[in-house]
Amino acid sequence: MYALETNRLTKYYGKNRGIVDVNLAIRDGEIFGFIGPNGVGKTTTIRLLLGLLKPTSGQARVFNRNVPTGGGKLYRRVGYVPSEVQYYPEMTGRDVLEYARGFYTAGDDQWVEELIDRLRIDPDKKIRAYSHGNRKKIGIIQALLHKPRLLIFDEPGSGLDPLIRQELFKILEEMNRKGASIFFSTHVLEEVERICHRVAMIKDGSIIHEGPVDRLPGREMRVVTLKFAGRDASATALSNLGVAEKLPSMPGYYRVISRLPANQLVGQLARFDLEYLKITDPSLEEIFFNLYEPSSGGGSNPDA
Amino acid sequence: MPNGNIIITEISLNQRSLLIWAAVLILVILIYLGSFGFMEEIDFVEMIEGFPEPLVSGLGMSPEMFGDVNQYHGGLVMLYGLLLASIYAMMLAGGMISREVDLGTVEFIYTRPVTRTAIVISKALSFVVLITILWIAAYLVSVAIGIFWVAPGVFDPNAQFTAHLAGYLASLAAGGIAFALAPLFDRIQGTTSLAIALGFAFFILNGLAQMYGQLEFFNYLSIHYYADMAGAAAGEPFVAGMAVLPAVFIAGVVVSAILLNRREFPA
């Protein structure tokens with residue numbers, strides 16, 4: 001059974017493209033990451049899944065039922081956290097949670113208190129007094145309080161500090177072990193690698209890759225930041241590493257996007273006399289730019 | 001089909017505005033109705049007889065009003081009472097719908113296991129509760145002032161009940177119109193402006209229809225005509241008109257549900 005599926009789901013806003021022919025199938029009990037840079041159609045897809053938008057063509061199904069436009073009982077087993085969480089400013093966090101709780105029969109006070117405790121939020125403050133991060137915490141708790149079978153998150157980690165983000169992912173993993181399916185959009189690769197079983201990449205409104213996380217295109221890419229101890233290496237030597245550029249804000253520093261296998265990369269770097277070296281994972285934007293932009297290719301001349 | 005959770009929350013969210021508007025309405029009743037004796041003393045009838053007749057009619061006045069507390073209250077005081085109540089009713093109803101888009105809470109409310117139709121009906125029911133409280137307060141204050149202070153033994157609570165009932169139904173109708181139009185607005189400011197504009201439009205259309213016979217058809221566009229609070233206070237309620245008002249409210253709620261069910265909420 002699929003917790004969520006789309007069949008050639010398409011949405012146009014007038015003549016503007018939202019998403020085109022998006023096919024997704026999230027199995028029951030799966031954690032699925034939906035990744036892509038900002039503005040490529042992630043939120044549009046989620047809003048179509050929630051019935052907040054109507055598809056131009058195609059279908060969206062949740063628990064094997066077509067998504068209705070006007071909401072309804074289908075969402076009894078669904079929890080949703082938007083990217084930007086907004087509530088009634090005159091309410092307290094606890095008021096919002098009680099309001100949300102009133103829509104469901106599942107869930108219990110003990111679970112709500114546990115979530116409040118684990119996400120470290122004071123629920124008795126007015127919504128207007130909360131920071132973006134604290135509003136997000138209330139948003140997460142209201143989405144989880146009825147122990148949903150399907151969780152839909154739009155950028156779950158945004159606005160949360162690293163410790164709380166860690167705790168959130170622990171909670172999600174626990175819920176997944178109890179059978180919950182999780183679909184979340186993000187532009188942070190680390191979040192996907194941490195908990196997802198499968199991912200889909202979306203670009204310009206279309207799915208360009210779908211599969212297990214370990215087969216994510218660009219995973220082999222590394223971002224190398226370096227500074228030579230003595231004279232700079234030749235442009236050719238640098239371009240053997242990958243796409244290189246000078247960092248305008250840091251004179252003498254180079255940044256190279258490399259797709260070399262790890263041992264080759266280390267071997268190449270060992271030939272240089274380096275004062276500074278940092279190797280990091282690429283951001284999603286860097287992967288997209290280097291894999292999918294028309295101008296992308298192999299090495300480049302940093303002095304060009 | 002209505003959702004008790006939404007009804008209770010909407011009442012709670014709007015109780016402060018109810019208190020403010022009820023206080024203003026009560027103050028208007030207190031000042032106007034309390035001035036009845038003063039109007040008699042300064043021989044207001046002679047004064048307005050000097051005014052052009054269309055102007056007097058347009059302001060909802062007649063010389064008889066100033067000799068009869070029931071007509072004075074039902075026909076004049078509550079004319080302004082209804083102006084206030086209808087503006088509040090439209091602000092309240094419009095705000096209940098447009099607030100969700102304005103605050104960005106559509107993602108909270110419209111992703112719950114409740115249909116949009118049920119959400120509109122629940123909001124409409126909480127609106128009815130709030131407006132009922134407003135008019136009960138207005139009626140009780142009017143009766144208290146009329147019976148115990150201004151005109152003991154003359155002030156007729158039964159005729160005033162009918163007049164207030166007509167005003168109450170007109171407020172519901174005003175709210176229904178706002179419910180119908182609110183899905184077209186994304187800002188509370190928009191529905192507030194609409195409420196003030198329509199509230200005065202109803203009042204002015206009614207006034208113009210009274211002033212000039214040729215403009216009588218304007219009456220049909222105003223909730224004041226259907227309420228006819230002056231007639232109700234005089235013991236001659238416009239029953240057919242009063243029956244139209246709840247129908248307008250129900251039609252407005254239905255239109256609101258239809259529009260909301262068709263509406264999309266992009267990010």
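Let's start with strand 6 (residues 78-81) of chain A, which is covered on both faces: Val78(A) and Tyr80(A) on one side, and Gly79(A) and Val81(A) on the other, are all buried. Here "buried" means that 20 or more other C-beta atoms lie within 10 Å of a residue's own, "exposed" means 12 or fewer, and "partly exposed" is in between, with C-beta atoms placed from the backbone. In a regular strand the side chains alternate between the two faces of the sheet. Helices (H or I, at least four residues) and strands (E, at least two) are DSSP runs, numbered from the N terminus.

Before going on, bear in mind that this is a predicted model: local features need pLDDT of at least 70, side-chain atom pairs count only at pLDDT 80 or more, and totals for chains, interfaces and linings use all residues. Residues are numbered from 1 along each chain as its sequence is written, while chains are lettered from A and ligands numbered from 1 in the order in which they are written.

**Strands and their partners**

Strand 6 of chain A pairs with strand 7 (residues 150-154) of chain A in the parallel sense, and Val81(A) has Phe153(A) as its bridge partner there. Two strands count as paired if DSSP finds at least two bridges between them. Chain A also has an open, antiparallel sheet of four strands in the order 2-1-4-5. Its edges are strand 2 (16-27) and strand 5 (65-66) of chain A, each pairing on one side only. In strand 4 of chain A, Ser57(A) stands opposite Thr10(A).

| Strand pair in chain A | Sense | Bridges |
|---|---|---|
| strand 6 (78-81) and strand 7 (150-154) | parallel | four bridges |
| strand 1 (2-13) and strand 4 (57-62) | antiparallel | five bridges |

**Helices**

Helix 1 (residues 42-49) of chain A lies across strand 1, strand 2 and strand 4 of chain A, at about 115 degrees to strand 1. Such angles run from 0 to 180 degrees between N-to-C directions, with axes fitted to C-alpha atoms, for helices over the stretch in contact.

What do the buried residues of helix 2 of chain A pack against? They meet helix 3 (109-118) and helix 4 (132-144) of chain A, together with helix 1 (4-34) of chain B. Among those buried residues of helix 2 (residues 93-101) are Asp95(A), Leu97(A) and Tyr99(A).

**Domains and chains**

Chain A splits into domain 1 (2-215) and domain 2 (222-292), with bounds from an automatic or database domain assignment. Their centres, taken over C-alpha atoms, are 36 Å apart. Seven residues of domain 1 are in contact with six of domain 2, where contact means C-beta atoms, placed from the backbone, within 7 Å.

Between the chains, 24 residues of chain A are in contact with 22 residues of chain B. Over in chain B, Val154(B) sits in the loop between helix 7 (116-150) and helix 8 (157-181). Why does Val154(B) count as exposed? Because it has 11 other C-beta atoms within 10 Å.

The mean pLDDT of chain A is 89, and 95% of its residues reach 70 or more; pLDDT is the predictor's confidence in each residue, from 0 to 100. In chain A, confidence is highest in helix 2, at 96, and lowest in helix 9 (residues 284-292), at a mean of 73. Over residues 295-304 of chain A the pLDDT is below 50. Where pLDDT is low, the predicted coordinates should not be read in detail.

Definitions and conventions
Contact = placed C-beta atoms within 7 Å.
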